[in-house]
Amino acid sequence: MAGQHAAGIAADLIGKNGCKMDPAHLLVKMHATADDLGKAGRDPYHGYSRVHALRAVTESVTPTFITKAGL
């Protein structure tokens with residue numbers, strides 16, 4: 001089920017920002033605004049995190065986060 005949620009949020013981001021967001025920027029934006037559940041980072045039960053649609057669409061990502069992600 002996570003794939004459908006992530007695809008929907010990616011579509012919302014593209015709809016809001018136009019086609020200027022490439023897949024790498026979408027991934028950084030979604031990861032930066034996600035809720036990390038359980039232990040920090042990836043864990044076997046929760047995976048990496050839970051996407052947060054409202055924060056992904058409304059919050060801005062700092063340039064330092066994008067730089068750390070290698071973009």
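Residues are numbered from 1 along each chain as its sequence is written. Because the model is predicted, local features need pLDDT of at least 70 and side-chain atom pairs count only at pLDDT 80 or more, while totals for chains, interfaces and linings use all residues, and side-chain values use heavy atoms, with hydrogens and water left out.## Overall layout

The protein has four helices and zero strands, and its pattern along the sequence reads α-α-α-α. Helices and strands are DSSP runs numbered from the N terminus, a helix being H or I with at least four residues and a strand being E with at least two. Of the 71 residues in the protein, 21% are buried, where buried means under 20% relative accessible area, exposed means over 50%, and partly exposed lies in between (1.4 Å probe, protein chains only). The protein exposes about 5000 Å², of which carbon and sulfur atoms supply 62%; such areas come from the Shrake-Rupley method with a 1.4 Å probe, and for residues only the protein chains shown count as cover. Among the contacts (heavy atoms within 4.5 Å) with a separation of 6 or more, 45% are between residues 24 or more positions apart.

## Salt bridges

The structure holds three salt bridges, each being a side-chain nitrogen of Lys or Arg within 4 Å of a carboxyl oxygen of Asp or Glu.

| Salt bridge | N to O distance |
|---|---|
| Asp 35 and Arg 50 | 3.3 Å |
| Asp 35 and Arg 55 | 2.8 Å |
| Glu 59 and Arg 55 | 3.7 Å |

In the salt bridge between Asp 35 and Arg 50, both residues lie in the loop between α2 (23-32) and α3 (53-58), 15 residues apart. Asp 35 is buried at 16% relative accessibility, whereas Arg 50, at 45%, is partly exposed. Asp 35 also forms a salt bridge with Arg 55, and since Arg 55 lies in helix α3 while Asp 35 lies in the loop between α2 and α3, this pair ties together parts that are 20 residues apart in sequence. Arg 55 is partly exposed, with a relative accessible area of 25%, and Glu 59 is partly exposed as well, at 35% relative accessibility. Through shared partners, the salt bridges join Asp 35, Arg 50, Arg 55 and Glu 59 into one network.

## A buried lysine

Lys 29 is placed in helix α2. Lys 29 is buried yet has no salt bridge, and Glu 59, the nearest side chain of opposite charge, is 7.2 Å away; here Lys and Arg count as positive and Asp and Glu as negative, while His and the chain ends are not counted. Apart from its neighbours within four places in sequence, Lys 29 is in contact with Leu 13, Met 21, Ala 56, Glu 59, Ser 60 and Val 61.

## The nonpolar core

In soluble globular proteins, nonpolar side chains tend to be buried together. A nonpolar core is a set of buried Ala, Val, Leu, Ile, Met, Phe, Trp, Tyr and Cys residues joined through side-chain atoms within 4.5 Å. The largest one here has seven residues, namely Ile 9, Ala 10, Leu 13, Met 21, Leu 26, Met 30 and Ala 56. The elements α1 (2-17) and α2 each give two or more residues to this core, and α1 gives the most, with three residues. Met 30, a member of the core, is in contact with Ala 6, Ile 9, Ala 10, Leu 13 and Val 51 when its neighbours within four places in sequence are left aside.
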